[in-house]
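Trainee: I would like to take a close look at a single part of this structure, and I would be glad of a careful walk through it.

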Amino acid sequence: MFLDRFIGLLSIDMGIDLGTCNTLVAVRGEGIVLNEPSVVAVWKGTNKVLKNGQAVGWMAKEMLGKTPGTISAIRPLKDGVISDFEITEAMLAYFIRKVTGRNRLVKPRVVISVPSGITAVEERAVLDSADRAGARRTYLVQEPIAAAIGAGLPFSEPTASAIVDIGGGTTEVAIMSLADIAVCESVRVAGDDFDEAIIKHMRSTYNLMVGEQTSERIKIDIGSAAPVGEETSMEVRGRDMISGLPRKTVITSEEIREALQEPIGQIIDTVTKTLERAEPELAADLVDNGITLAGGGALLRGMDVVLQNATGLDVRIADDPLTCVARGTAIYLENLEELKGALKSDLDV
Ligand code: ADP
Ligand code: MG
């Protein structure tokens, strides 16, 4: 009895959404306990993380864009794959330790959601990193599955659910049924590409160079995928490409929508392609169940409308799409035994 309670105090269950833009950690009974950018600051040309491995997340983000020549800020998962194992490991270790606190006796059980396109080598690297960071047990769950659970979809039932998760670096589209993924596609076009398209537009139309943070601000403040709500405008500051001097200009929501058409078109194509690959019975279910949007890109105004128009299906946005995967990961962990059971019994059928 006493020993059980003692072990209970030392054990902690963590669900981690290792995203290309943001990493979130959810703990059973406490909800989201960490939400930081997936960024690490290193000495240029090395894998050495600054400040004794502490220059991660918010601290590193502050350095991004303002880094002197000797430091680079790295987003190790930028394209939805792990571009740098060592740095990913440092980041994961930092976040896990931040949640468990200084107490090295606490050995968490960890479920990490990973992009469905991840290779076996990358999977192994994530598992090993979590082990080295002090996890007692580590499990991986595919991101669309975590998103479906977080969005409350009936993903383990014999009916199809469709998830479109638009993150920073990648968009994942998956059709699931009976606790498994039937078809999925991952494309390296997402929120970052919206920012990039805005930077290009500012350059080509106004000869104005704007930074990544400004272009993200423009997207969030006045960006849209379809004309919904009132059209607005915004004052933007940057550097004139010809004179090299600081300058400002006014831009409208219409022109930003136009600038975003290309990456949005690529996301729409990926969604329709995935739907075309679904078995007829699953496709039939989607007529009733529709599509659910998750990830930060789901918050772009009118994203649901353009997908609805392109597919003819109902499209709804998950509650709090930015935390959907992390919450789903924690629920997955709580129901690990049951879900594993469900998966096994499906295989037995
Ligand atoms: P990931 O899972 O890849 O880490 P997220 O799901 O956290 O990505 O989404 C991050 C992306 O969502 C970024 O490109 C960010 O600019 C975008 N984003 C966040 N909020 C909004 C918003 N209100 N409108 C449009 N895009 C948004
Ligand atoms: Mg994500």
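Which element gives the most to the lining of the largest pocket?

Mentor: Keeping in mind that this is a predicted model, the element that gives the most to the lining of the largest pocket is helix α7, with 6 residues. The pocket itself has a volume of about 1300 Å³, and of the 47 residues that line it, the closest to its centre are C21, N22, G168, D192 and E216. Helix α7 spans residues 191–206, and β2, β3, α3 (58–63), α8 (212–222) and α13 also each supply at least two residues of the lining. Sorted by class, the lining holds 17 charged residues, 15 polar ones and 15 nonpolar ones.

Two of those contributors, β2 and β3, lead us to the sheet, which is open and is formed by 5 strands in the order β3-β2-β1-β6-β7, with mixed pairing. Because β3 (31–37) and β7 (137–142) stand at the edges and have a single partner strand each, one side of each is left without a neighbour in the sheet. On average, and ignoring direction, neighbouring strands of this sheet are turned by 20° against each other.

Helix α13 (residues 324–334), another contributor to the pocket lining, lies across β1 (13–18), β2 (22–27), β3, β6 and β7, and it runs at about 145° to β1.

How values were computed: Residues numbered from 1 in each chain as written. Chains lettered and ligands numbered in written order. Predicted model: local features only at pLDDT ≥ 70, side-chain atom pairs only at ≥ 80, totals over all residues. Heavy atoms only, no water. Pairing = 2+ DSSP bridges. Helix = DSSP H or I, 4+ residues; strand = E, 2+ residues; numbered from the N terminus. Axes fitted to C-alpha atoms, helices over the stretch in contact; angles between N-to-C directions. Contact = heavy atoms within 4.5 Å. 1 Å grid on protein atoms, 1.4 Å probe; cavity = no way out; pocket = protein on both sides within 12 Å on 5 of 7 lines; lining within 4 Å. Points joined across faces, edges and corners; volume = space filled by probe spheres on them. Nonpolar A, V, L, I, M, F, W, Y, C, P; charged D, E, K, R; others polar.
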